[in-house]
Amino acid sequence: MRFVLCTILVVLSTLPATQSAQAPVIDCHQHLFSPAAAALVTGNPNSPGISARNLIELLDSAGIQRALVLSMAYTWGKASRAPVANEYEHVKAENDWTAQQVAQYPDRLRAFCSFNPLKSYALEELERCSKNPQLHYGLKLHFGNSDVDLDNPTDVAKVKKVFEAANGYHMPIVVHLHTSIDNRRKYGADEARVFLNELLAAVPDVQVQIAHLAGSGGYDSATDSALGVFTDAIARHDARMKNVWFDATVVVRPSMSPDDLQRIAARIRQIGVKRVLYGSDAPASPVLYPKAGWAAFQRLPLTTEELRVVATNIPPYMRDFAVR
Ligand SMILES: [Zn+2]
């Protein structure tokens, strides 16, 4: 009996006070960086990058089983950085490197392919990914990094072609919807409406995950206006929202006031906790590690049951993993 009690005390004392017992089953927003991509992004030519092995260690320390790895290939076509020579070759190499990394952990990691959807090679790369056993699972687009201007009909038409093609290949889409901050693009309810009417309407057959609760990390009034368009659509049972999920990746910041946290929790309830996914983002520093990210998310004034639902949500594209 004494032994049993001691064991229980040891178990309880190893649970950090800020961490619930139920860690997320899946981290739905992760990234790996090849050494070349890390050098490009950081400017440090000796950057080691972030490998699948690095990520697995961090997931293990957070008690998270699986992660959706969003390829960083799009950053080779980043709009606000000077163009690189042989850009498309780098895009292919980054997608292929990411595929090789996740293939080492088939029961833990799954990758989505990526590229800048405004580039001339966009449809060619999507077709190539659709035939790759590791990359055919889905597509990640980053409207901010790629400078997709949702107020520009030419940009919207190009992205619509990519969406229609992804729908044809049955590839789900994760989208960082928030437009470019570097290029000071407008963002809010009007741009969210363009996404709903022009782009979501083009993908009736695939799941769509809107990253960062329709923002870009943190939570401001522009993000809240954009998200309001989607919560209104959900409230009126708009059919275009039926396959839409939201990840709450790096939405909670350490400096946030209780009012901010209340506002985010209220929006999460309007979305419905069953459609909200946990994500950590790239583990570029300890505050972004999955364990810290889940602790931050739990600062939201959600009930234990609501947190449990978010932690156990599994979107269709993260099912049917290999069993070792
Ligand atoms: Zn991300």
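A: Sorted by class, the lining of the second largest pocket comes out at 11 nonpolar, 4 polar and 2 charged residues (Ala, Val, Leu, Ile, Met, Phe, Trp, Tyr, Cys and Pro count as nonpolar, Asp, Glu, Lys and Arg as charged, and the others, Gly among them, as polar). Keep in mind that this is a predicted model, where local features need pLDDT of at least 70, side-chain atom pairs count only at pLDDT 80 or more, and totals for chains, interfaces and linings use all residues. Numbering runs from 1 along each chain as its sequence is written, and side-chain values use heavy atoms, with hydrogens and water left out.

That second largest pocket has a volume of about 260 Å³ (the space filled by probe spheres set on grid points joined across faces, edges and corners). Its lining runs to 17 residues, and Val250, Val252, Val287, Gly293 and Ala296 sit closest to the centre. A pocket here is an open set of points on a 1 Å grid over the protein atoms alone, where a 1.4 Å probe fits, with protein on both sides within 12 Å along at least five of seven lines; lining residues have an atom within 4 Å of a point.

Now for the largest pocket, at about 780 Å³. It's lined by 38 residues, and Met72, Tyr74, His142, Asn145 and Asp281 are the closest to its centre. At least two lining residues come from each of α2 (35–42), β4 (139–142) and α6 (143–146) (DSSP runs numbered from the N terminus: helices are H or I, at least four residues; strands are E, at least two). The largest share, 3 residues, is down to α2.
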